[in-house]
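Keep the 3D view open as you read.

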Amino acid sequence: MTTTLAFPALLRLIDERSTAFRAAVASAPSLDVQVPTCPEWTLFDLVQHIGEGRRSWAATIAAGPDAQAKSVAEDAPTAPREREAMSAWLAASTQELLDALREAGPDRGCWTWWGASQSPQTCGAVARHQLQQMAVHTYDAQVTVGAPQPLPTEVALDGVEEFLFTCVATTSAWPHKPTAFDFHATEGHSWRLTVDGEGARSARIPTPTDADGESSDGAGVSVHGTASELVLFVYDRIAADSVRIDGDAGLFDLLREWEPEE
């Protein structure tokens with residue numbers, strides 16, 4: 001199974017995760033309950049974030065490659081609290097994003113916030129990141145209603161690499177001793193994040209084949225789990241004891257605390 005999803009698959013899966021998100025919200029007894037994995041938000045806040053965020057990215061994509069980030073227009077509708085209207089509003093938000101992506105195609109340039117990363121500034125890369133946004137926030141909604149589900153395998157396998165390439169990669173110097181972080185998915189894919197004076201860069205590496213999967217030569221720390229567990233771990237949705245960590249677990253604290261200058 002490849003870890004990089006084709007553009008049509010990205011759009012299909014964004015739609016599927018959006019449907020799963022709406023289903024979780026529809027099952028909630030209250031919209032005012034706190035989201036355990038985003039404790040500063042209520043479920044209604046999360047709904048608002050999802051809808052407005054997809055509309056904002058749709059506007060950014062439609063504005064063309066030379067435009068800066070576009071915010072939601074002042075007269076754009078906000079999320080209604082009535083359940084049926086809310087579901088329709090969420091569906092329309094996702095459709096705006098999908099329509100903008102289809103119109104632009106994967107190769108057209110697009111403003112993004114990840115200029116110095118390993119991900120290109122294209123609509124295809126935006127679609128890839130939007131899928132992970134929807135997947136992780138769908139998990140947030142499911143946790144809130146007491147029905148968490150693992151991320152779909154094809155989404156999660158792409159998600160580990162997408163996180164490393166987009167959210168971690170930088171040309172800012174790592175302020176600590178050079179080291180490497182290895183990520184091993186039980187589905188048979190592995191990645192190495194190297195941090196040093198030239199910044200942070202990731203690459204695919206061979207997956208350990210020994211019986212217990214402990215080999216990770218050259219890494220200061222390695223983490224093992226399903227692809228879904230790895231994605232949820234790097235996004236701080238599950239605790240460290242939900243995965244297996246070999247080596248210096250404290251390196252993850254340094255990585256989370258690091259704030260590159262760029």
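Arg-128 and Glu-161 join their side chains in a salt bridge, 3.2 Å from N to O; the term stands for a side-chain nitrogen of Lys or Arg within 4 Å of a carboxyl oxygen of Asp or Glu. Arg-128 sits in helix 4 (residues 123-144) and Glu-161 in helix 5, so the pair ties together parts that are 33 residues apart in sequence. Helices here are DSSP runs of H or I with at least four residues, strands are runs of E with at least two, and both are numbered from the N terminus. Arg-128 and Glu-161 are both buried, where buried means under 20% relative accessible area, exposed over 50%, and partly exposed in between, using a 1.4 Å probe and protein chains only. The two also belong to a network of salt bridges that links Arg-128, Asp-158, Glu-161 and Arg-204.

A word on what you're looking at: this is a predicted model, in which local features need pLDDT of at least 70 and side-chain atom pairs count only at pLDDT 80 or more, while totals for chains, interfaces and linings use all residues. Residues are numbered from 1 along each chain as its sequence is written, and side-chain values use heavy atoms, with hydrogens and water left out.

Across the whole structure, the search turns up eleven salt bridges. One of them pairs Glu-154 with Arg-12 at 3.5 Å, N to O. That pair links distant parts of the chain, with Glu-154 in helix 5 (residues 153-168) and Arg-12 in helix 1 (residues 7-26), 142 residues apart. Glu-154 counts as partly exposed because its relative accessibility is 30%, and Arg-12 counts as partly exposed because its own is 38%.

Now find Asp-236, whose side chain meets that of Arg-256 in a salt bridge of 2.6 Å, N to O. Most residues other than glycine have a negative phi.

What does Leu-101 touch? This residue of helix 3 (residues 83-104) is buried, with a relative accessible area of 0%. Leaving out residues up to four places away in sequence, Leu-101 touches Phe-7, Leu-11, Ile-14, Ile-61, Cys-123 and Ala-127, contact meaning heavy atoms within 4.5 Å.

Five strands make an open sheet of mixed pairing in the order 5-4-3-6-7; two strands pair if DSSP finds at least two bridges between them. Strand 5 (199-205) and strand 7 are at the edges with a single partner strand each, so one side of each is left without a neighbour in the sheet. Strand 4 (residues 189-196) and strand 5 run antiparallel, joined by seven bridges, and Asp-196 stands opposite Gly-199 in strand 5. Helix 6 packs on the sheet, touching strand 3 (179-185), strand 6 (221-225) and strand 7, and its direction makes about 130° with that of strand 6. Such angles run from 0 to 180 degrees between N-to-C directions, with axes fitted to C-alpha atoms, for helices over the stretch in contact. Helix 7 lies across strand 3, strand 4, strand 6 and strand 7, at about 105° to strand 3.
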